[in-house]
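Hi,

Here is the structure I promised to pass on. Have a look at it first, then read my notes below.

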Amino acid sequence: MVVWTAGVFAALVLGTAGVGAWIYQDLDGNIGAADIDDKLGGDRPENLSPGSKNILVVGSDSRDGDNAKYGKDLTTMQSDTLMVMHVPANRKWATVVSFPRDSWVRISACDKGDDSTSAAHHAKINEAFAIGGSTGEVAGAAACTIKTVEANTGLRIDHFMSVDFQGFKGMVNALGGIEVCPEQAIHDEKAHLDLEAGCQTVKNEEALGYVRARYSVGDGSDLGRIGRQQEFMEALAEKAQSKLTSPASLYDFLQSATKSLTTDEDLAGIKPLYGLASEVKGIPSKRLTFLTVPNYPREADVAADKANVVWQYPQADDLFTSLAKDKEVDKKALQAEAEDDLIYASGVRVQVLNGTGVSGRAAVVAAKLRQAGFTVVGTGNAPETTRATTATYPQGMDAQAKVLASRLPDTRAARGTDAAAGVVTLVVGTGLDPDGIL
């Protein structure tokens with residue numbers, strides 16, 4: 001969706017100039033607008049790089065109307081795809097970060113749209129869209145997703161876009177289909193897909209099934225699906241830019257694209273979308289980076305959980321910090337570091353000391369750490385009360401301390417001269433919320 005939004009849309013809006021103002025107005029009226037400002041609250045990350053933009057893009061898996069046949073017994077709204085596109089202040093590069101929908105994160109407390117508020121809790125990241133959209137309103141779904149992404153990444157989200165299933169299918173059909181080349185046959189009942197191996201052009205339900213297929217392709221993970229989606233959208237963008245020369249095909253494509261799109265109020269409309277796309281369409285392809293948040297199966301830390309992934313720290317934290325500070329990410333370096341320096345939470349031995357002055361706080365934090373998979377070797381009291389929470393480490397354990405600090409809110413790692421060998425000492429300060437431990 002991001003490639004289409006940032007690249008193809010810019011080129012195609014230019015094409016509408018020659019077919020009359022009525023088409024412009026027609027397309028402009030198709031785009032849905034959602035007022036989310038009063039749903040986000042005031043506790044949001046600071047924008048550390050004025051001029052840059054973070055755009056949240058959601059592939060909406062709504063089960064209403066024409067989409068009902070794609071699932072049953074599910075909450076009304078689901079997010080099938082979730083990513084953030086970072087556009088830097090200098091507009092010379094861009095990074096698109098995909099979040100596996102099986103990511104185990106803390107879901108923020110959200111307005112459910114029925115005069116009730118959900119409690120903050122841990123779950124798959126795509127649950128945020130379902131909770132906020134429990135009444136069928138995109139605004140609520142987007143707001144809860146934004147709050148959750150901001151809380152877990154530290155990135156300030158400036159805009160959002162939601163694209164639904166049916167609009168995606170219409171765009172593909174307007175192009176006459178997209179060629180895919182699966183190495184093995186794909187038979188996926190859940191995605192309504194039956195494809196033989198080899199190159200072939202897909203459209204209609206096959207195109208939709210191809211980007212949704214998961215369990216019968218590769219290792220059955222959401223990560224493999226993310227890769228296929230990224231490749232498919234790049235192919236869609238390339239074909240749209242070269243093949244849409246017919247006014248009729250162009251109109252059909254833009255009708256499907258705009259009817260499927262809901263954005264925040266500031267971005268709703270042909271003019272603001274074109275303005276955004278114009279800013280990034282000149283970015284060379286080699287400076288447009290697609291990547292997935294570094295992660296690993298949560299089963300490595302919590303043996304009973306075979307369904308989710310956790311983000312890999314400190315690599316994920318380094319990624320988010322780079323984007324927050326508007327620094328271009330080296331994908332190869334990030335991937336190499338994630339492969340070479342993988343430290344599971346279960347591989348970090350922790351001693352928890354209570355620096356809050358509140359009796360029993362060390363035990364509470366220790367229990368939360370064990371639930372997250374860390375190896376707690378003991379608890380005790382710190383010599384003095386402190387507000388800050390610190391992970392102190394001996395020589396050679398800086399990586400383990402960073403992993404621990406990254407999984408706790410507002411916690412820093414620091415070298416300690418008297419730290420016990422082989423153990424990271426966590427001094428719990430009064431500012432730590434134990435429920436925020438990932």
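This is a predicted model: local features need pLDDT of at least 70, side-chain atom pairs count only at pLDDT 80 or more; totals for chains, interfaces and linings use all residues.

Residues are numbered from 1 along each chain as its sequence is written, and side-chain values use heavy atoms, with hydrogens and water left out.

Seven strands form an open sheet with mixed pairing, in the order β1-β12-β7-β2-β3-β4-β13. (Strands are DSSP runs of E with at least two residues, helices are runs of H or I with at least four, both numbered from the N terminus; two strands pair if DSSP finds at least two bridges between them.) β1 (32-34) and β13 (288-292) each have a single partner strand, so one side of each has no neighbour in the sheet.

What about R298? It is in the loop between β14 (295-297) and β15 (309-311). R298 is buried, with a relative accessible area of 11% (buried means under 20%, exposed over 50%, partly exposed in between, using a 1.4 Å probe and protein chains only). Residues that R298 touches include W104, V310 and Q371, leaving aside those up to four places away in sequence; contact means heavy atoms within 4.5 Å.

Cheers
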